[in-house]
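Colleague: Before I use this model, I would like to know what stands behind the words used for it. Please take me through the terms one at a time.

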Amino acid sequence: MSGDNNSFVRKEMISERIPPTTERGLVKWVRENLFSSAFNAIMTFVSLWFIYSLVVAAAPWFLNGIWDAETVRECYDLLDGKSGACFAVLNERFPQLIYGFKYPSSEYWRPNLASVLLLVALAPILFRKLPRRLLAFSAVYPFLAFWLIWGGSILTSVSAFLGCVIAIVCYSRFSSRSFAIAVLISLIAANVWWIIGGYIVDLNDSILALKDVPSRDLGGFMLNLLLGTIAVCLSIPLGIALALGRQSDMPIIKWICVFFIEFIRGVPLITLLFVANVILAFFFPPGTSLDLILRVLIMMTFFNAAYIAEVVRGGLAALSKGQYEAADSIGLDYTQSMRFIILPQALKISIPGIVNVSVGMLKDTTLVSIISMFDLVGMIRGPILSSTDWNGVYWELFGAAAAIFFVICFSVSKYSQWLERQLETDRR
Amino acid sequence: MKKSVIISAVTVAGLTAGAAFAGTLDDVQARGKLNCGVSTGVPGFAEPDANGVWQGFDVAVCRAVAAAVLNDSDAIEFVPTTGKTRFTALASGEIDMLARNTTWTFSRDVDLKFEFVGVNYYDGQGFMAKADLGVSSATELDGATVCIQTGTTTELNLADFFRSNNMSYEPVPVETGSEAVTNYMAGACDVFTTDRSALAARRANMENPDEHVVLPEIVSKEPLGPLVRHGDNNWGDVVRWTLNALITAEELGVTQANLDEMSKGTNNPEMNRLLGSEGTLGEMLGLDAEWAKRAIAVSGNYGEIFENNIGESTNIGLARGVNAKWTDGGLIYSPPFR
C-alpha cells in the first residue's frame with residue numbers, strides 16, 4: 001500500500017536545469033538591452049549601421065598612417081592618393097608638443113623627473129593608506145620642482161623653503177595669542193628672511209646650479225600641466241577661505257569675499273588672461289614686468305578659487321544647522337569648529353564639484369594659446385601648423401592633443417569617484 | 001615664494017623706472033638683447049624650425065637689426081604676438097620693434113601712434129579657386145560662395161570688389177586661415193580669399209597643388225612692413241635704414257658672398273658709404289661704421305632673403321612680382337645712402 005501511494009511522490013529533487021536559451025547568456029542580454037521593443041530594435045540597427053560606417057570610414061585613415069616622413073608633402077607622396085593620416089608630424093615634433101620649442105633638449109630630463117616626482121608627492125595626499133611620513137616630501141616638492149624646471153642655483157629654492165618654514169614656526173608660536181597677530185608676525189619674519197636670503201643667493205649663485213630656463217621658454221603640454229597643477233593646488237585653500245569669508249558675520253570680510261567671487265565669476269577667463277598679458281604691461285615701467293607665467297598663474301588661481309569657493313559654500317549650506325550648534329554647544333571656538341566639525345563634512349560633499357571645476361581648469365589652460373603662449377594647443381596652432389613642413393596637418397595634431405588631455409582628465413575623474421566611495425559621501 | 005618674487009619685481013621696477021626715458025637704442029644696447037615681436041607662425045615669414053630656431057622673411061629683418069645694433073644676430077628675444085596682442089605689446093614697450101606681416105594703414109600709423117619704417121613686402125588680397133571650376137578671372141565669380149576670415153580688412157575689401165563689379169556672392173565666415181582651408185577643401189565654398197602670399201603658402205602644402213589656381217586679380221593693397229613706437233625717431237631711423245641697407249645692397253649687387261671683398265673699398269662711392277669704408281653714416285645713427293655690413297652679412301641682401309625664405313626655389317614659391325627692385329619694374333626702392 002505504502003509503495004503504491006508513494007509512487008506519486010518524488011523521492012529526489014529535480015536537478016536544476018539550464019534556463020531556455022532565450023532566457024540566458026548573451027541572447028537574454030541582447031533581447032533585454034537591444035531588442036526589448038520595436039522602437040529599440042530599430043534604434044539598435046541604426047546605431048550598428050552608424051558604428052559600422054564610422055569604422056569603415058576611419059579605419060583606413062588610421063591603418064594607412066605614415067609614421068616616418070620629413071614633411072607633409074612627403075606624406076602625400078607616400079600615401080599616393082590613398083586616404084591616410086600623417087602621424088609623422090607627431091613623431092618629428094613630439095618634443096615640441098611636450099616641452100615647447102625653446103626648452104633646451106639636453107635638459108628634458110628635468111621636467112621628466114619633476115613630473116615623476118609630482119606623482120610621488122601627490123600619492124600621500126591622494127591615498128590615505130600610504131605612510132604619513134611621505135607628506136614631508138610633498139611639502140618640499142614645490143621648491144624642488146621649481147629648481148628642476150626653471151634651473152638656477154638650488155639656494156633660491158632652499159631659501160624660499162626656509163622662509164616658509166620660518167613663517168610656519170612663527171605662526172605656531174604666536175597663534176595661541178591671536179590669529180591676526182600670528183599671521184602678521186609670520187609674514188614679516190618670512191619676508192625679512194627672503195630679503196636676507198636673496199642677498200645670500202646672489203653671492204653664491206653657482207651652488208648646484210642647473211642651466212637657467214626663462215619662463216618664456218616653457219611650452220607644450222608641460223606648460224598646461226604646470227599651470228593646471230599650480231593653479232588648482234593654490235586655488236583650493238584660497239577657495240575654502242573665500243567660502244568661509246562669505247559666510248562670515250564680519251561685514252567687511254564678507255563683502256570683500258562676495259565682491260571678489262561675484263566679480264571673478266562674472267568675467268570670462270579669457271578676459272582675465274588678456275588683462276594679465278596686455279593691460280598689466282602698461283602699469284609697469286618699460287623694460288620691467290612680472291614674469292608672464294606668474295601673471296597668468298595669479299589670474300587662473302583667482303578664477304578657479306572663485307568657483308571652488310561657490311562649490312564649498314554649497315557644501316557648507318548642505319550641513320544642517322544642528323552641526324554648527326553642536327560645535328558651539330561643546331565649547332569649540334570658530335577655528336576648532338570649522339576644523340573638526342564643519343569642514344570635514346562640507347569638503348566631503350564638495351569633492352565632485354571641486355574635481356569638476358579643477359578638471360575644467362586644466363582644460364582651460366589651453367586658452368593661454370590666445371595670448372601667444374605656446375602651450376600644447378598654442379604649439380599646434382602656431383609654430384607647427386604654420387611651418388612650411390607641416391602646414392595642413394590638422395586632424396592628427398588636434399587628435400593627439402585631445403587624446404593627451406582625455407587620458408589625464410579621465411584618470412582624475414576616475415580617482416575622484418574612487419575617493420567618493422572611500423569616504424562614503426552618501427552615508428554621511 | 002610668490003611674495004619674494006613680487007617684491008623683487010617691484011623693487012627692480014622702481015630702480016629701472018628712472019632709466020625708462022633713455023632712447024630705445026640705448027636700452028637695447030644696455031640690455032644686450034633686441035626684443036623683436038614676430039607672429040606666432042606664418043609659413044615662410046616667421047616660423048620656428050624643428051630645433052626651435054626662428055626662421056623666415058620677417059625674422060630676417062629682426063636679425064639684421066640685431067646684427068647692426070648689437071653685432072650679434074642671435075641676441076634677440078623673439079616675442080611671439082597674435083593679431084590681438086601685437087599692438088599693445090609694442091605700445092607698452094614689451095618689444096622694441098614689430099616685424100610681423102602688419103599692413104601699413106592710416107589709422108595704425110596715425111591713430112595707434114606707430115611709425116612704419118618701410119615696406120618689406122607688398123602684398124594684396126587675391127582669390128584661390130579649384131581648377132575644375134574653370135574660372136580664369138575673379139570677374140567671373142558672380143554668385144560664388146567665398147570663404148572669408150571675419151573681422152579682417154579682407155572681408156571689407158571683398159565686399160567692395162564684388163559691389164564695384166556688380167556681382168553677388170555668398171560669404172562663408174570662418175575664424176582662422178587653417179579653418180578657411182579646411183572648409184575650402186571640404187567644398188563648403190568655391191573660392192578662398194586672403195593675402196596672396198598666404199594663398200601661395202597654403203596652396204604649396206595642399207595635397208594636389210595643381211588642382212587649385214590663384215586668380216590673377218589683386219583686389220587690395222597690403223603693404224607689410226616693420227614698425228616701431230611713435231616718439232623715438234632715432235630708433236625708428238636705425239630700423240628704417242637697416243631695412244634700406246638690405247634693399248640698397250641688392251640694388252648695388254652686394255651679396256653675402258662678395259660682401260667682404262666689397263667692403264674693402266670699391267670705386268662706387270655709394271657702396272663705400274653703405275659699407276662704411278667712406279663717410280660717417282653709421283656715426284650719424286649712433287652706431288659704428290660697419291653696421292650695414294653686419295646687417296647684410298646675416299642672411300644677405302633683400303633679394304637673397306626673399307629667395308631663401310619665400311622665393312620660387314622654396315615651397316612657398318612666391319615670384320618677385322611687384323616686390324622686384326625698382327630697376328626691374330618693381331616697387332622695392334630705397335632712398336639713397338648719402
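**Terms and values**

Modeller: Chain A has 17 helices and 0 strands; helices (H or I, at least four residues) and strands (E, at least two) are DSSP runs, numbered from the N terminus. This is a predicted model, in which local features need pLDDT of at least 70, side-chain atom pairs count only at pLDDT 80 or more, and totals for chains, interfaces and linings use all residues. Residues are numbered from 1 along each chain as its sequence is written, and chains are lettered from A and ligands numbered from 1 in the order in which they are written.

Colleague: What makes a residue count as buried?

Modeller: A residue is buried if 20 or more other C-beta atoms lie within 10 Å of its own, exposed if 12 or fewer, and partly exposed in between, with C-beta atoms placed from the backbone. In chain A, 32% of the 428 residues count as buried.

Colleague: Why is strand β1 of chain B called largely enclosed?

Modeller: In β1 (residues 34-39) of chain B, 6 of the 6 residues are buried, so the strand is largely enclosed by the rest of the structure. B:Leu34, B:Cys36 and B:Val38 are buried on one side, and B:Asn35, B:Gly37 and B:Ser39 on the other.

Colleague: How do you know which strands pair with β1(B)?

Modeller: Two strands pair if DSSP finds at least two bridges between them. β1(B) and β4 (residues 76-81) of chain B have 6 bridges, in the parallel sense, with B:Leu34 opposite B:Ile76. Strand β5 (residues 97-98) of chain B runs parallel to β1(B) and is joined to it by 2 bridges; here B:Gly37 stands opposite B:Leu98.

Colleague: What makes β10 and β12 of chain B edge strands?

Modeller: Five strands form an open sheet of mixed pairing in the order β10-β9-β11-β8-β12 (chain B). Strands β10 (169-174) and β12 (212-214) of chain B each pair on one side only, as edge strands. Within this sheet, β9 (residues 144-149) and β11 (residues 191-195) of chain B pair in the parallel sense over 2 bridges, and B:Cys147 stands opposite B:Phe192.
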